[in-house]
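Hi everyone, thanks for making the time. Please have a look at the sequence and the structure on the screen, and I'll walk you through a few parts of it.

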Amino acid sequence: MSLLTEASLIVTPNAYKAGKLYSVIPNTNLGDMDVSRALSATRVNSAGLIEIAKTNLLLRSEEFDNVAWNKGTGGSISPNSVISPIGTLTADAYTWAGSTTAFAYLSQPVSAISQNSNTFSIWLKRPLGSGSRTIRLSISDVNIFTANSLTFTVTETWTRFEFTSASLNTTGSVGVGLYTGASGTSIAAGEILDVWGAQLEQSNAVATDYIPTTTVARTKFAGITQDGPYGANIPRIDYPPLGGCPSILSEPARTNEILYSEEFDNIYWTKVNATISANATNSPSNTLTADKFIPDAANSVHFIEKTGLASNAYTFSVFAKAGGETTFSLWLRNASISARAEFNLSTGTIILKTATSATIEPYPNGWYRCSVYDSTPGTTAHIYGRGGGGFQPVNVTDGIFLWGAQVEAASTATSYMPTTSIPFTRNADATYNTSATTLIGQTEGTIYAEFIGTKDILGVNKYICIIGGGSKSIHIAFYLAVINIVSSPPIDLSVSFTPNLNYKIAVCYSNTGNFRVYVNGFKYHEVNTYVPSTFSTLGIGNTVAGTNQVNSNIKSAVLWKTALTDDQCILLTGASFSTYPEMANNFPNTLIYTLQ
């Protein structure tokens with residue numbers, strides 16, 4: 001039998017739903033992990049795109065006969081009388097029988113939306129033989145025909161129409177109205193409009209996948225649709241941006257302090273010798289929401305900035321793509337310091353760094369996520385064009401495409417958190433099983449995890465895998481593997497990991513006192529100690545209490561109820577490096593190798 005068939009628990013980025021990550025072994029609910037995260041978050045999907053949870057705020061999106069929809073004085077609905085765009089008998093026919101001086105419309109009131117972009121979309125067509133008809137879509141505070149509206153022509157073929165507008169107040173509504181001209185008068189009795197699939201999305205400049213609703217708003221994320229305005233408790237199965245196998249993303253709670261993270265044209269961002277072309281190209285989320293930062297002809301600095309941030313040691317990150325210009329820089333400043341990093345978006349390299357640290361990570365379609373961190377507290381985030389910016393551009397059309405700005409009071413950038421008019425906080429991911437007693441070896445066992453070295457550069461005790469019982473536990477942590485003995489200081493068996501490299505680690509324990517640690521095919525530690533306890537709870541990417549998130553990606557977590565042998569652990573954890581020198585050079589301060 002293979003090692004995998006002898007395992008008592010195997011958890012990988014496999015099947016999942018809201019609140020659950022299913023185990024491969026056992027194939028019963030005994031090994032399933034509970035997943036908790038109260039609010040929305042983002043992930044990289046299998047296409048390498050940033051996926052953001054999408055919500056349809058309109059109710060009864062296919063039930064225009066419902067009282068949620070205002071039909072106007074003289075309008076009526078024939079429900080489920082027309083074949084919909086997806087081939088189901090669920091589309092409705094709106095018929096006007098009112099006065100020619102009244103408005104013919106369908107509308108729904110909405111709550112206050114303090115966002116800069118809201119997109120209303122709906123499928124419309126005319127009955128066969130009816131010809132075309134002018135209509136207006138509206139997101140409005142006043143009258144759906146005159147304010148915040150756009151005119152379209154509806155034909156006898158189903159078409160999804162969409163309209164994007166700015167904020168609504170508490171008297172707002174969205175609607176579609178039949179229309180004849182500038183006077184705003186309506187049409188003769190007997191006009192018919194077929195309707196299906198209404199949707200209102202916040203913070204989106206384009207309509208996304210349709211989400212049907214009934215009595216409440218509904219949200220779609222990672223292929224799962226659920227009630228409510230958030231993609232809550234959905235495991236984040238995260239993919240490498242440029243392709244590869246997925247992993248389980250486990251991150252601590254973080255807040256994006258910068259506002260209007262995708263709207264650099266907003267007055268929130270100060271522009272100096274530069275202009276912003278809004279929605280100039282597709283973003284890393286594949287929506288037309290990325291802006292272009294264009295330095296002007298002045299022989300001076302060219303930048304956009306946000307001042308007045310609370311004084312913190314920040315990580316400032318942004319997605320950037322060459323748009324004629326190929327270099328730019330991110331700065332963090334206060335009254336006395338200017339910490340920066342300059343990036344080359346042609347070669348994907350860091351040209352210069354005066355800040356504590358900086359990163360550049362490639363994404364599809366020429367995008368990079370660039371970040372800069374400085375340990376000295378700053379209050380201003382700058383984006384400079386042409387590196388330092390003290391050069392006159394060749395023209396005033398070249399520039400840098402920008403999307404997804406983020407400022408976090410931490411030493412690393414975490415997954416993207418979109419903002420508009422207020423900061424956004426992503427809750428911590430918590431993955432755990434509190435009823436795993438029969439899956440955990442009580443007198444001996446082995447814990448295994450494959451993971452990417454944590455992004456954190458400060459601190460310890462960020463857990464990849466942990467089993468516990470009461471106040472006693474055995475951990476695999478990103479910086480050290482330890483046995484916690486409550487009555488005395490923990491035994492520290494340190495193993496240093498490099499951020500963003502792949503690792504396989506196994507910890508064996510036994511009531512005979514034999515405790516061993518293996519990393520990437522080599523034994524690192526062997527001591528005589530044991531933690532007597534009844535182990536009942538398993539946490540993956542966090543403690544059994546759902547804290548101390550690893551801030552990284554976990555590819556698998558496995559338990560055995562026996563302490564595997566040396567040969568088995570070396571085989572299990574091996575082959576993470578493509579060459580022997582690569583492996584040897586990765587741990588220059590820990591082990592001594594002779595390269596042949």
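**A first walk through the chain**

Let's begin with contacts: of those in the protein chain between residues at least 6 apart in sequence, 69% join residues at least 24 apart. Please keep in mind that this is a predicted model. The protein chain holds two helices and 45 strands. Of its 596 residues, 55% are buried. The chain exposes about 23100 Å², with carbon and sulfur atoms supplying 53% of that.

Six strands make up an open sheet, in the order 23-24-33-26-31-30, with antiparallel pairing. At the edges stand strand 23 (274-281) and strand 30 (357-362); each has a single partner strand, so one side of each lacks a neighbour in the sheet. On average, neighbouring strands here are turned by 30 degrees against each other, ignoring direction. Lys321 stands opposite Phe401 in strand 33.

Next, helix 1. Which residues of helix 1 (residues 566-573) are buried? They are Cys569, Leu572 and Thr573. Looking down the axis of helix 1, you find these buried residues within an arc of 80 degrees, so they line one face of the helix. What covers them includes strand 36 (444-452), strand 41 (502-510) and strand 45 (552-560). On the face turned away from the buried side, helix 1 carries the exposed residues Asp567 and Leu571. After helix 1 comes Ala575, with a positive phi near 65 degrees.

How values were computed:
Residues numbered from 1 in each chain as written. Predicted model: local features only at pLDDT ≥ 70, side-chain atom pairs only at ≥ 80, totals over all residues. Heavy atoms only, no water. Buried < 20%, exposed > 50% of the residue type's maximum accessible area, 1.4 Å probe, protein only. Helix = DSSP H or I, 4+ residues; strand = E, 2+ residues; numbered from the N terminus. Arc of directions from axis to C-beta. Contact = heavy atoms within 4.5 Å. Areas by Shrake-Rupley, 256 points an atom, 1.4 Å probe, with all protein chains shown as cover. Pairing = 2+ DSSP bridges. Axes fitted to C-alpha atoms, helices over the stretch in contact; angles between N-to-C directions.
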